[in-house]
Amino acid sequence: MSPVKRLEIVDSERCVGCQLCMYACERRFGDAGFARSAILVRSVGGVERGFTVIVCRACQDPPCVKVCPTGALTPRNGGGVILNSSKCIGCGFCVESCPIGAIFWSYEDNKPIICTYCGYCAEFCPHGVLRLGEVKRI
Amino acid sequence: MDPLSRVLYIDLEHRRFWIRDRRDLFEKWLGGTGVAIQLLKEELPKDTDPLSSENVIVFAVGPLTATYPFGSKTVAMFKSPLTGNLGESHAGGRSATSIRLAGYGAIVIKGASDTPIYLVVDESGAYFRDASALWGITSTLTVGRILREATPGQGYRSIMRIGRAGEKLVRYAAVMTETYRHFGRLGLGAVFGSKKLKAIVICGGGSVPIHDKHKYRELYKEIFELAVKSDLMKKYHDLGTSMNILPLNAIGALPTRNLTSARFEEAEKISGERIAEEKLGRRLACSNCPIACIHLAALKEPYPDEPYFYKTIFISYDYEPIYALGTMLGISDIDGLLKLLDIVEIYGLDAMSTGVCLAWATEALQNGIVTRRETIVDLKWGDFENYVKAAINIVDQPNEFYEALAKGVREASERYGGRKFALSFGGNEMPGYHTGYGAHVGFLIGSRHSHLDCAGYSLDQKLKEPLPPRELVKRLIDEECWRQLLSSLVVCFFARGIYKPEMVVKTLKTLGYEYDTDGLKDLGKRIYEEKQRLKHELGFNPETLRPPKRILETESPYGTLNTEYFDEALKAYREILNQIILRR
């Protein structure tokens, strides 16, 4: 099976905190802002210390799938997860289960925001922090 | 609905807030400067003391905020405790996008608290929180650190705060945001201090619905590519604004030692190139800006009490702070300069005003107008250690001299003498350009007495010989009119090469606004006129404007500047103002 795609953090030390990736993610829906953005850039305790980029790393054995009580989250072949919104009841267990905090919450529809590994954010990263890479077999 | 037209009103005295839909203002004046003028006109009693509870603070953003690249600036408007007239200051960082994504186009702050407080603003309104424990903390960095832990919204928020300078009502105290960006000029920090308002945390994680989603995505990409693939913005990323040190020095336009010279023989030691090579530790960007012009120097300092024990601190530097706290004070030691920049940041002073005040004080001491009794420390060009102490004295105000200096160079020179070499323009301390008539006439007639009002320094460098005074005034006002439009959108002036009228028309169209280029230019002109009328109502008297004597003595790239030229230019300016005021 050929490897599937995921967002890769090449080097978070290159990040300048512009948040263009976050805006790009919202623009998937044609809007501006962060409400449905599946990626977050935040400072490491103050901007002088640099930034952390938080996005789904497409785990091989995703904990969010294990805690989903309705089967709304299913493993993607090769790593990562797929959300079937119609099955989701908005319990938020998946958010709790992700140790890297890469599942965000949509307050509008009370459901998780799950990265779709499309790579649109990486197209707008001006400083080589992000790229659309391949999930490596462990 | 685009939430831009929602205005959050906050009354500090009664600890109340309310939200009003002000579509009337946003439809007519776009946002930013255009709307802030109107909100201030409505709310500010005209003859109020800037440090009384009656003063009003307006923060405003616009349609391009958080929607397009470089829509990253917040406009603050208030009555300035430094000039006594209209105060306007713009800051980057994350404040603009946070305000917009919390669902507001503007925030109006009225009244004063009787005890220190800070505000947390989110989409539901404002929360009033006790700041007694934060009042008096030495460093604005510490205050930022505490508020980061105490408030929610990491990654989606902005933390504005004042330092000791604001608490102590230094008339040119700044408000800092995201540690390294500032509402620097004209004393917003002192207005915060007078209201016992220590900080505002704004959490904004929402979104803005776009009118034409398909075109929006395309146009965003086009602007992004213009920014990162063309040379329009590259210089701001590479060296940042400090790239200007060497070229301005080469043409003899770099104010040095209180502008006794316009060339600094040691400029190379504190040039943008040198600081980047030796100290550049990190770059930062404002939210939604691909360029990252914010440059941080990493200063590694040993502790004296133990061997091999160091701390590394990050200090932001730009052209203007290097001018004001470097060349103006004759400082060529990079570490010394950075330490002084750090102190100014920690205490929350405006770097430019502080440098100009200290430069005046140094010359006043040399001339015997004041003595060591007044200055306490021995102020000598290049002696950064004593300048650090003097900067702290401006905040602590241990005697009458520093009390006067904390009111600005105009006030200090009126009290002690030395007005000839007090580099004040309309009550605001001089920016770092001795490029010629364009710069200085611009500082005088610009609404904020800032180099950013009309960029006369840039015009000076483009022209081969001076324009006739009337023509110069016209060109400067034309530029200022267009900039009113840019600061109503609100986009960063550094991106003005991208946001030409045609491009602005296209961006606004995707957001549902129908303008043509003439309509935009006309709106810019009308905003400029509204601003002049507001200034007039606040008591601005253009008859009092004079160029400081010093700028007529020290040779510029255009030779010695002559006073008749200024007389003629100011006369032309007053005529234009009169027409605007009569047309009300």
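Good morning, colleagues. I begin with the interface: 25 residues of chain A are in contact with 36 residues of chain B. Please keep in mind that this is a predicted model.

On the side of chain A that touches chain B, the elements giving two or more residues are helix H1 (20–27), strand E2 (32–33) and strand E3 (39–43) of chain A. H1(A) supplies the largest share of that side, namely four residues. Sorted by class, the side of chain A that touches chain B comprises 12 nonpolar, seven polar and six charged residues.

Strand pairing also links the two chains. E2(A) pairs in the antiparallel sense with strand E13 (residues 207–208) of chain B, over two bridges. Within E13(B), B:Val208 is the bridge partner of A:Ala32.

I now turn to chain B. Here six strands form an open sheet with mixed pairing, in the order E8-E7-E12-E9-E10-E11. Its edge strands, each pairing on one side only, are strand E8 (125–130) and strand E11 (181–183) of chain B. Direction ignored, neighbouring strands of this sheet are turned by 20° against each other on average.

Consider next the end of the sheet at E8(B), an edge strand. Strand E7 (residues 117–122) of chain B and E8(B) are joined by six bridges in the antiparallel sense. B:Val120 stands opposite B:Tyr127, which belongs to E8(B).

Finally, which strands does helix H4 (residues 140–150) of chain B touch as it packs on the sheet? They are strand E9 (157–161), strand E10 (175–177) and strand E12 (197–203) of chain B. The direction of H4(B) makes about 140° with that of E9(B). Thank you for your attention.

Note on methods. Residues are numbered from 1 along each chain as its sequence is written. Chains are lettered from A and ligands numbered from 1 in the order in which they are written. This is a predicted model: local features need pLDDT of at least 70, side-chain atom pairs count only at pLDDT 80 or more; totals for chains, interfaces and linings use all residues. Two residues are in contact if their C-beta atoms, placed from the backbone, lie within 7 Å. Ala, Val, Leu, Ile, Met, Phe, Trp, Tyr, Cys and Pro count as nonpolar, Asp, Glu, Lys and Arg as charged, and the others, Gly among them, as polar. Two strands pair if DSSP finds at least two bridges between them. Axes are lines fitted to C-alpha atoms, for helices over the stretch in contact, and angles run from 0 to 180 degrees between N-to-C directions.
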